Amino acid sequence: MYVHEQGAKRIADVRFYEVDMQVPQQVKQILETLTQAGFQAYAVGGCVRDAFLGREPEDWDITTDALPEQVKGLFRRTVDTGIRHGTVTVLLKDKSYEITTYRVDGAYSDGRHPDSVVFTPELSEDLRRRDFTINAMACAADGRVVDLFGGREDLGKRRIRCVGDPDERFTEDALRILRALRFSAQLDFDIEGATWEALKRHAPNLVNVSRERILAELNKMLLSGHPEKMSMLEEAGIIPWIGKELEDLLPSARIAALPAKKDLRWAAAFSEADGETARTFLKNMKSDNETADGAALLISGIRGAVPEDLYGTRRLLSVYGQDRVREMILLRRAGFGGPVSAEQLDLLEERTDRILSAGDCLAVRNLALSGSDLIRMGIRPGPGLGSILGTMLDRVLRDPGLNTRECLERIAEEAAEGRGNVPGRKSGNDDASE
Ligand code: ATP
Ligand code: MG
């Protein structure tokens, strides 16, 4: 009753795709262990899709009619990852594989999770519960592929289409709305008409999806090869259901030229807004602080003028650190932030390299005179002392040659005098501390 077709050979005529349905050795071994014990077993979902597309699958998931306890009986090392949903992880050498029992999802009364899952002996039932046709194919150990919903055809047409009735599928689980957009960005596929219309209709269901899950999908879009497809968020009318800050998003193809790093790409995406918008949005979506703060910092860094001399460059390096400065250069080269010429950026990069290879002092902690040295000199601890250190650093950023004890003592004394920080002192020359 299943449509088994010859994997590699028959499919070779699908245009544009290099077909490589070779199942990796370890996956084959797992599938064969199950089938030799009398069960059905297939690689399923994303791995089959990716293998057809010639993309390296992230992981190979396996589906079987064996029940979790039966799976556990067949493999030496297993972990009960999601036993209630039928998933057992099998550990082989250095890798792990999720094996899930064929299942049917019960009703979805919360618009996100099935109320219950029921195991089924039918592969077709298991494939029917999956979101999109391209994600609903299964592949046996010998490379034969089960494709009940036209997944291969949709791969050929480069389109995302729901399995079954799209209205029902988006009503069951609103996360699928974002998954559709995300796969479209990752694979550069279109969304098939009926799926797209239904997705728009069900946008309000996104209130049922946790912010973490929404952000995870947005991150995948942003880090994909086609971040410009984030324009679909607006086209589909789903921004009001996620966060209004997204109205300021710049869905540019230029983002794809940047390294796939979240803070860097969010900075680009929000570069037309400002750092606070990016930070607010990302924090609301429960992003990690590193990404939220990093994006905000980068945006503020690319808004200012590009420094034109060594002092300005040292100051930039001192405030942001070399990694961030290099990221700002990347962002600006890709056209984000204020307008600058390639020549200005070349010069900035040259000066940055020169400063770093000279080992110029760029931080208070690398000054030849420390805060405790200042206290020994009789300067009172507190904010005043901090500002003296700041003055010393600024002078050293202007002229790295001043980073010696003698020069800095002189600078510190002058600064302390100016601030009246040295108690009982009349002149700056009677050094009480040494
Ligand atoms: P990725 O490369 O991002 O891992 P994937 O297709 O493997 O893509 P997963 O989230 O790992 O996606 O899910 C594995 C499979 O489970 C999918 O291919 C799909 O068949 C099914 N699936 C996952 N999430 C859903 C969902 N929300 N609704 C229906 N089916 C889903
Ligand atoms: Mg996966």
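Numbering starts from 1 along each chain as written, with chains lettered from A and ligands numbered from 1 in written order. In this predicted model, local features need pLDDT of at least 70, side-chain atom pairs count only at pLDDT 80 or more, totals for chains, interfaces and linings use all residues, and side-chain values use heavy atoms, without hydrogens and water.

Select ligand 1. Around it are 14 residues (a heavy atom within 4 Å). The closest are R49, N135, D173, R176 and R182.

Color that shell by residue type. Of its residues, 10 are charged (Asp, Glu, Lys or Arg), three are polar and one is nonpolar.

Now show polar contacts (N or O pairs within 3.5 Å). Pick R176: a side-chain N or O atom lies 2.8 Å from a nitrogen of ligand 1. Go to R179, where a polar side-chain atom is 2.9 Å from a ligand 1 oxygen. At D131, a backbone N or O atom sits 3.1 Å from a ligand 1 nitrogen.

Next, select α8 (175-187) and α3 (46-53), the elements giving two or more residues to the shell. Helices here are DSSP runs of H or I, at least four residues. α8 gives the most, with four residues.

Finally, color domain 1 (1-157) and domain 2 (158-242), bounds from an automatic or database assignment. Both give residues to the shell, so ligand 1 lies between them.

Key
Polar contact = N/O pair within 3.5 Å; in protein donor to acceptor, adjacent residues only side chain to side chain.
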